[in-house]
Each structure stands twice: as C-alpha cells, then as structure tokens.
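Hi everyone, thanks for making time this morning. I'd like to walk you through one structure, so let me put it on the screen.

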Amino acid sequence: MILNLDPKFTPILNQEEIKFQSFTFSGGEPHIKINPDFDHTEKVTITHRLNSFNDLGLLCITVDALRRMDVKVIDLFIPYFPAARQDRVMIKGEPLSVKVYADIINGLQLNKVFVFDAHSEVTPALVNNCEVIPNHTFIQQVLKVIGENVKLISPDGGALKKIYKVSEFLGGVDVVECSKSRDVKTGKLSGFKVYEDDLNGMDCLIVDDICDGGGTFVGLAEELKNKNAGKLYLAVSHGIFNKGFEVLDCFDKIFTTNSFKDFDDEKVEVVKLEL
C-alpha cells in the first residue's frame, strides 16, 4: 500500500494508493484525513518530499494517524533528506541540523527509511533503519542521452568516493578529481583546481548530489575550460537551483531528478525517480 503525501511525487508504481485529504489550518498546523478503506494489516509505504518543517509535520501526523488505525509496518521514502549539508558544526553557535531531523524521524519508529543519494555518510549513520539508494541508475540514464565518451568530474573531495562507485557501476568511466576552497564563516568559494593538465577536448560530466545556487559548478566549469574541456554537462541528484538556470549557461545540458521539486524548463532534463 502506498500513501503519496505529495500527489505530484509518485515514485512507486503498480501498488494500490491510499486515498486521503490534507490541508493546513488557519493557524498554520497541517492536518490529514486518511480514507480507512484499505487492509490495515499490510505494510504502508509513505512517500514525501520534505522541503519545509510543515512537510515534516504532515509526515509526523500521517504516521500518527496510521498507528491509530493499527497499521504496524510503515516504510518511508524521502528522496532529499533535509539539512543533510549541515552535518557538522563548523563554528560555535551553529546547530547540527541533520541530527534534529533524524531524531524526529527516528521517533516515528519506522520499519525502513529510504533516502536517495544521501549527501554524506552522516545521514544514514543518524537515521535508524536507513537505506540509501545510490545515484548510479540516474547517471546511467544521463549517459544514454549525452553518450558514454565522457569524463566524470568530481567537484570536490566529498564527492570523490561516490563518483568512483558510479564509475565502477558504469564499467570504468574515467574520473577527474577537482577541489575548491570555502570560507567557513562567509561560505564564499575560491581556488578551484582540476587535477589533470589537458582534457584534450573531452566532454565532461560533473556529478554531484545537490545544486543550490550553482557557484561551485560555475567556478569549476571555468577551470575545466581552461584545461581544454569539450562540452560541459552537469548532473545533480537534488536540484534546488535557487538562482535559476541563467547562471548555469556555461553547461550544454543540465540533468536532475524530481527529488526536491518539479521543473518545467527546457534548460534542465528531469529523470523521474522510481523506487
């Protein structure tokens, strides 16, 4: 049984959907009314995109409603785990935000929690019964569009371990390591480096988990062109794109999934997630 809290996000096919109504009270509180006409002895999988604390609140009250209907086994698929980038305290006075979300979700006592392409190993370490779905199939689909004669670009050290696993899954696509410097107090980026002398006109696909403003990828694209790169492509599992796509016009094509939100823009190609 499937309960898709976001009606536009339906990643699990060929299973019966549980009907419900959800709304927000005038005081700001989320509410839900679940149609009880389903087999309460079956496992229920909830899918949702958590882009705000109200989204998290809707998830919490949904689990409570299902428990009160004597549903015993509940799975959850949240493709983008909120606050996953705030997975360490860099300066005094900051929260460990990912743990706040993890503690709330752990309190729901779910059977399994599925997350797509977790930002780091911190998220699955904090979330009970967590299963991470890698980005391998997503990147494989991207290569079907742009061709396999490319180099995979790791934008920084944090992405390196995952990108080598992608390369292995794809049969050994060449990987180029890169790095950047960031001021932890201001967040400003500088010092992009590409650790290859000459890319000899090869097309390059930057692979990462999240694109927010895009500053990392714009700075890296410039360095890749300085190293004689061919066409530049960008594939990010979770597309936020808070500054739009104009800032990313250095890329011939941008790819993402519908893990965070839906897009209707010719500049980005969306690969829909399926669990």
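Let's start with a pair of helices: α1, residues 53-68, packs with α2, residues 97-106, at an angle of about 15 degrees, and their axes are 11 Å apart. Remember as we go that this is a predicted model. With anything under 35 degrees counted as roughly parallel, α1 and α2 are therefore roughly parallel to each other. As for handedness, the α1 and α2 crossing is right-handed.

Now, for context, a word on annotation. UniProt, in an unreviewed entry, lists residues 14-106 as "domain: Ribose-phosphate pyrophosphokinase N-terminal".

How do α4 and α5 cross? Their axes come within 10 Å, at roughly 60 degrees, with α5 covering residues 157-169. That makes α4 oblique to α5. Here, too, we have a crossing that is right-handed.

Keep your eye on α4, please, as we turn to a pocket. Which helix gives the largest share of the lining of the second largest pocket? It's α4, residues 136-146, with four residues. The lining has 13 residues in total, and those nearest the pocket centre are Phe116, Ile133, Thr137, Leu273 and Glu274. By type, the lining splits into eight nonpolar residues, three polar and two charged. The volume of this second largest pocket is about 210 Å³.

Conventions:
Residues are numbered from 1 along each chain as its sequence is written. This is a predicted model: local features need pLDDT of at least 70, side-chain atom pairs count only at pLDDT 80 or more; totals for chains, interfaces and linings use all residues. Side-chain values use heavy atoms; hydrogens and water are left out. UniProt positions are given in the numbering used here, feature names are shortened, and annotations may be inferred rather than shown by experiment. On a 1 Å grid over the protein atoms alone, a cavity is a set of points where a 1.4 Å probe fits but cannot get out, and a pocket is an open set with protein on both sides within 12 Å along at least five of seven lines; lining residues have an atom within 4 Å of a point. Grid points are joined across faces, edges and corners, and a volume is the space filled by probe spheres set on the points. Helices (H or I, at least four residues) and strands (E, at least two) are DSSP runs, numbered from the N terminus. Ala, Val, Leu, Ile, Met, Phe, Trp, Tyr, Cys and Pro count as nonpolar, Asp, Glu, Lys and Arg as charged, and the others, Gly among them, as polar. Axes are lines fitted to C-alpha atoms, for helices over the stretch in contact, and angles run from 0 to 180 degrees between N-to-C directions. Angles under 35 degrees count as roughly parallel, over 145 as roughly antiparallel, 65 to 115 as roughly perpendicular and the rest as oblique. A crossing is left-handed if the near helix is turned anticlockwise from the far one by less than a right angle, and right-handed if clockwise.
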